[in-house]
Amino acid sequence: MKIKLVERQNPLDRKQKKFYANPVNAGRKDLRAIAKDISGRSSLTRGDIENVLSNFLDELPKYLNDGYSVQLGYLGTMRVSLTSEGAATAKQFKTETIKPKIIFTPGTELRAEMEKISYRIEG
């Protein structure tokens with residue numbers, strides 16, 4: 001993985017600056033490109049894979065909205081967390097203040113694979 005070094009304040013001593021690693025964004029992989037990559041490794045066509053992934057993406061919000069944690073094999077688990085303004089009493093609570101946040105927890109196998117990454121400084 002390419003990284004660039006960025007000078008920032010040291011969080012432990014704000015008067016001191018240090019260099020920290022930042023990943024270099026290589027761009028985006030859209031659904032079509034991912035489907036093409038996967039189809040090269042299977043007997044399914046790009047269109048078949050794109051269809052499956054699109055259908056999965058259509059269903060995912062429904063599962064999360066229904067309160068399910070969605071376990072995606074070794075990739076990890078997605079779930080919804082909520083933030084809201086507090087209220088003095090339950091009667092005074094306003095549901096309009098609720099904001100959902102999607103939490104992704106990587107699986108142990110994915111975490112282990114990420115530990116194997118080698119890094120090179122760009123530039």
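Is Lys-116 buried or exposed? Lys-116 is exposed, with a relative accessible area of 61% (buried means under 20%, exposed over 50%, partly exposed in between; 1.4 Å probe, protein chains only). The model is predicted, with local features requiring pLDDT of at least 70 and side-chain atom pairs counted only at pLDDT 80 or more, while totals for chains, interfaces and linings use all residues. Residues are numbered from 1 along each chain as its sequence is written, and side-chain values use heavy atoms, without hydrogens and water.

The whole structure contains four salt bridges (a side-chain nitrogen of Lys or Arg within 4 Å of a carboxyl oxygen of Asp or Glu). One of them joins Lys-116 to Glu-113, at 3.0 Å from N to O; Glu-113 is partly exposed at 43%. Helix H2 (residues 46-65) holds both Glu-50 and Arg-46, four residues apart (helices are DSSP runs of H or I, at least four residues; strands are runs of E, at least two; both are numbered from the N terminus). Their side chains form a salt bridge at 2.3 Å. Also in H2, three residues apart, Lys-62 and Glu-59 form a salt bridge at 3.1 Å.

Three strands form an open sheet in the order E2-E1-E6, with mixed pairing (two strands pair if DSSP finds at least two bridges between them). Strands E2 (13-23) and E6 (120-121) are at the edges, each with a single partner strand, so one side of each lacks a neighbour in the sheet. Strand E1 (residues 2-10) runs antiparallel to E2 and is joined to E2 by eight bridges; Ile-3 has Pro-23 as its bridge partner in E2.
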